[in-house]
Amino acid sequence: TLSVASEESGGVSGTGSCCAPSYFRVALLGAAGVGKSALIRQFMTSEYKGTFDIATPDAEDPETTVSVLLDGEESMIEFVDEPNENELDNVRADAFAVVFSLADVASYTTAISIVRHLRVDLCSDRAIVLVGNKVDLARQRRVSSRDARLIAMKYDCKYEETSAALNHRVDELLVGILSQIRLKLAPPSS
Ligand code: GDP
Ligand code: MG
């Protein structure tokens with residue numbers, strides 16, 4: 001339903017609208033140093049970048065807002081980098097990317113507790129993507145894909161592994177986030 005989009009963003013524009021792209025806010029959560037800011041920087045260089053001019057009065061910060069063209073439809077995505085922990089319960093976001101480092105077990109534990117907090121304590125039904133970043137640090141890997149995928153499944157999240165450093169699978173993450181948002185707005189009729 002349309003009510004899923006946050007009020008502030010104006011939510012989705014009319015279905016099949018030809019002009020104004022829909023606008024979504026995505027909050028990046030996770031421990032310090034896992035690569036959230038690095039991921040956002042890479043999002044801004046995505047191959048899926050649309051043509052919509054983000055230099056509009058609506059775009060508060062072009063450094064964190066990107067236009068994404070997917071399946072012939074353009075969407076504006078604003079990334080909110082590290083909202084305060086204590087603000088977490090009030091974050092207005094259409095989706096969450098919960099990031100950890102595959103080389104850091106403590107960051108993985110933090111990510112799991114954030115996901116649990118969103119799903120269990122706050123009963124959020126928003127799209128959540130669990131992101132294992134720093135996949136390039138293969139020899140320092142401390143979290144298996146299998147474990148992370150099981151946790152993601154348990155909490156109804158998508159799971160992605162990325163390297164912001166190498167720009168590996170960052171576009172896939174961006175597209176994955178947008179796909180999850182669209183799925184939540186308009187679940188495919190089975
Ligand atoms: P944040 O605190 O979550 O915003 O993390 P940053 O984006 O500031 O990144 C923290 C550190 O990790 C920086 O030194 C980055 O260069 C490094 N980093 C980020 N992503 C990756 C990655 O995918 N691989 C590696 N090896 N280092 C990364
Ligand atoms: Mg940062």
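1. Let us start with strand E5, where 7 of 7 residues are buried. Buried here means that 20 or more other C-beta atoms lie within 10 Å of a residue's own C-beta atom, while exposed means 12 or fewer and partly exposed lies in between, with C-beta atoms placed from the backbone. Strands (E, at least two residues) and helices (H or I, at least four) are DSSP runs, numbered from the N terminus.

2. Before going on, please note that this is a predicted model, in which local features need pLDDT of at least 70 and side-chain atom pairs count only at pLDDT 80 or more, whereas totals for chains, interfaces and linings use all residues. Residues are numbered from 1 along each chain as its sequence is written, and chains are lettered from A and ligands numbered from 1 in the order in which they are written.

3. E5 is covered on both faces: Ala127, Val129, Val131 and Asn133 are buried on one side, and Ile128, Leu130 and Gly132 on the other. In a regular strand, side chains alternate between the two faces of the sheet. E4 is a parallel partner of E5, with 7 bridges between them; strands count as paired if DSSP finds at least two bridges. Within this pair, Ala95 is opposite Ala127 of E5.

4. Which residues touch the most other members of the largest nonpolar core? They are Val98, Ile128, Leu130 and Ile177, in a core of 46 residues. Such a core is a set of buried Ala, Val, Leu, Ile, Met, Phe, Trp, Tyr and Cys residues joined through C-beta atoms within 7 Å. Setting aside residues up to four places away in sequence, Ile177 touches Val26, Ala95, Ala97, Ala127 and Val129; contact means C-beta atoms, placed from the backbone, within 7 Å.

5. Now to helix H1, residues 36–43. Its buried residues are Lys36, Leu39, Ile40, Gln42 and Phe43. Seen down the helix axis, these fall within an arc of 160°, so they line one face of H1; the arc is taken from the directions from the axis to the C-beta atoms. Their cover includes strands E1 (22–30), E2 (65–70), E3 (73–81), E4 (95–101) and E5 (127–133), as well as helix H4 (170–185).

6. H1 also gives the largest share of the shell around ligand 1, namely 3 residues. The shell has 14 residues, with Gly35, Lys36, Ser37, Ala38 and Ala165 the closest; a residue is near the ligand if its C-beta atom, placed from the backbone, lies within 6 Å of it. By class there are 6 nonpolar, 5 polar and 3 charged residues. Nonpolar covers Ala, Val, Leu, Ile, Met, Phe, Trp, Tyr, Cys and Pro, charged covers Asp, Glu, Lys and Arg, and polar covers the others, Gly among them.

7. Gly35 deserves a look of its own, in the loop between E1 and H1. Is Gly35 buried or exposed? It counts as buried because it has 22 C-beta neighbours inside 10 Å. Apart from neighbours within four places in sequence, Gly35 is in contact with Val99, Ser101, Asn133, Lys134 and Ala164.

8. Leu102 sits in the loop between E4 and helix H2 (105–121), and its 26 C-beta neighbours inside 10 Å make it buried. Leu102 and Arg141 are 39 residues apart along the chain, yet their C-alpha atoms are 5.4 Å apart.

9. Finally, the overall picture: the protein has 4 helices and 6 strands, in the order β-α-β-β-β-α-β-α-β-α. Of its 190 residues, 38% count as buried.

How values were computed: Two residues are in contact if their C-beta atoms, placed from the backbone, lie within 7 Å.
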